[in-house]
Amino acid sequence: LGRIGLLVPSSNTTVEPEFYRALPAGVTLHTARLFLTQITPDSILRMVEDLETQSRHLASADVDVIVLGATAPSFLKGLGYDRELIGKIEAATGKRATTTSTALIEAIRHLNVSRVVLGSAYDDRVNAIARSFLEASGVTVLDAKGLGVVDNLVVGRLGPETAYDLARKVDRVDAEAIVLACTNWKTMDVIDRLEQELGKPVVSTTQASIWAALRMIGGIDGVPGYGRLLRNIMAAGKEAQFA
Amino acid sequence: MYGWRGRIGLLVPSINTTMETEFWRIAPQGVSVHSARIAGGRHGTPEELRGMENASKQAAKEIAMVEPDVVVYGCTSGSFFEGPAWNRKICEQLSEITGAPTVTTAGAMAASLIAGGYKKVDVVTPYVDVTNERLKQFLKAHGIEVVKLGTFDMLDMFDHAKIQPEEIYSKVKEITTPKAEAVFVACTQLRALEVLDLLERDLGKPVYSAVQASAWQAYEAMGVDPKIMDCGGLLRRLSEPGASKKAVKKLRRSA
């Protein structure tokens, strides 16, 4: 059906396994890496320098879409930065591209929610940037909590229960959805359960990235087991009844 | 952490679309595959194949950070082209960068055939003449004679992935000779993995492939029994009683 080209931070150990597990038969994944060890603004800016070269590597495998599967690197400079990166990838390759942050905003809009709470693996500094990116995109962030991890390899070692616990901790009655940010954080296994228990959609950055990539490829109805967003990929937000 | 049982750092030529897919398809629970791409063009010219040696160092730096248990340099011609010493140099360079043992496809090809005691083999490749000649020399240096070589004769490496598994099946069946003790299908871009079992059954002799041999050596290096029962005898042997499962890896911080 299609080939997804995925750009991952070199120290990310989570996003490739989580993509592979969720992809339907006929969609394959091809990865290139961008050098990154620490989730800090300086490291992230250096990482993006490599973006065009690595995107061209993926384009040489004739992928249908290129996804920058990294959350912080795609919102770091605020609103519009993700679009700027998409522009760079598309200009370098002639392929359609998206980023995790772009996908996250699209997913939130698709679900037709505007008030969310944010849970992330980040420290306060990066979490504040995440929050302002969401708010600049028209999303109200009622509360934000982060685990305070800066070393990306350490994020990859966190178990999915840390995402589950933080989501429950940050949730509020007036939140319409829960956002879980960082593609190196294991979130995919807890989305379904959280949605059932809390009765509201849970959007993780990995889940939203997979959703956006599959929508761009087209022809895939849905992937079960990873929350409302992926269960019904093509459905419009309002009509998709929350089960 | 994903890959708690074993993490494979897979370096593929940037144009390769087959190897990541096949490695993920056979990865058992607890094993993860993380890829980086080796810069290069889509034509397997001598210059491009030689260039991969240097370009692979950058890809190794990118993959080192996931702390792999084994690194796989996933290109057959890119590891045999300049002979066994060149192949060893690639292994040493990449292990130096990543701190993990390195498996190259050409090294795995030789090791798998030697492990079976096969000295006369037939080979199927997608390569042009100059590359096929180098492959024969590489095997000869390991004491293995190529009895017959069949080729799809395509220079464009991206297009190698368009060859269908059933075409590979037919080509192997068409060229193999009674004299050959085994058949090897070279090139990690060829989708041979899914027809190996069928070929071994129908020909009654071992048929190995580039991706399969690379995986075999990678799992052996990790000391992981993957229990892959439908991709040929070579991988099945990893699960036989008495197969050497030398778990050499140290327990990680995260275990």
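Which residue takes a positive phi just after H3(A)? The residue is A:Asp62, with a phi of about 50 degrees. The structure described here is a predicted model, in which local features need pLDDT of at least 70 and side-chain atom pairs count only at pLDDT 80 or more, while totals for chains, interfaces and linings use all residues. Residues are numbered from 1 along each chain as its sequence is written, chains are lettered from A and ligands numbered from 1 in the order in which they are written, and side-chain values use heavy atoms, with hydrogens and water left out.

We can start with the overall build of chain A. This chain contains twelve helices and eight strands, where helices (H or I, at least four residues) and strands (E, at least two) are DSSP runs numbered from the N terminus. Its radius of gyration is 16 Å, close to the 18 Å that the globule rule gives for 243 residues, so chain A is as compact as a globular protein of that length. The radius is taken over C-alpha atoms, and the globule rule is 2.2 Å times the number of residues to the power 0.38. Along the principal axes, the C-alpha trace of chain A spans about 45 × 40 × 30 Å.

Of the 243 residues of chain A, 65% count as buried; buried means under 20% relative accessible area, exposed means over 50%, and partly exposed lies in between (1.4 Å probe, protein chains only). Among contacts in chain A (heavy atoms within 4.5 Å) between residues at least 6 apart in sequence, 71% join residues at least 24 apart. Chain A also carries 26 positive and 28 negative side chains, and the centres of the two sets lie 1 Å apart. In this count Lys and Arg are positive and Asp and Glu negative, while His and the chain ends are not counted; each charge is placed at NZ of Lys, CZ of Arg, CG of Asp or CD of Glu.

Chain B can be described in the same terms. Its secondary structure comes to ten helices and eight strands. With 255 residues, a compact globule would have a radius of gyration near 18 Å, and the 17 Å of chain B agrees with this. The C-alpha atoms of chain B fill a box of roughly 50 × 45 × 30 Å along the principal axes. Buried residues make up 62% of chain B, and the chain exposes about 9,500 Å², of which carbon and sulfur atoms supply 51%. For contacts in chain B between residues at least 6 apart in sequence, 76% join residues at least 24 apart. The chain has 32 positive and 30 negative side chains, with 5 Å between the centres of the two sets.

In helix H10 (residues 191–198), the buried residues are A:Ile191, A:Asp192, A:Leu194, A:Glu195 and A:Leu198. Seen down the axis of H10(A), these residues fall within an arc of 165 degrees, so they line one face of the helix; the arc is that of the directions from the helix axis to the C-beta atoms. They pack against helices H9, H11 and H12 and strands E7 and E8 of chain A. Just after H10(A), A:Gly199 takes a positive phi of about 70 degrees.

Individual residues complete the picture. A:Leu6, in strand E1 (residues 2–9) of chain A, is buried, with a relative accessible area of 0%. Its contacts beyond four places in sequence include A:Val15, A:Phe19, A:Leu29 and A:Leu58. The C-alpha atoms of A:Leu6 and A:Ser55 are separated by 8.7 Å, although the two residues are 49 apart along the chain. A:Asn112 has a positive phi of about 60 degrees although it is not a glycine, and at 42% relative accessibility it counts as partly exposed. A:Cys182, likewise not a glycine, has a positive phi near 120 degrees, but A:Cys182 counts as buried at 5% relative accessibility.

Key:
Areas by Shrake-Rupley, 256 points an atom, 1.4 Å probe, with all protein chains shown as cover.
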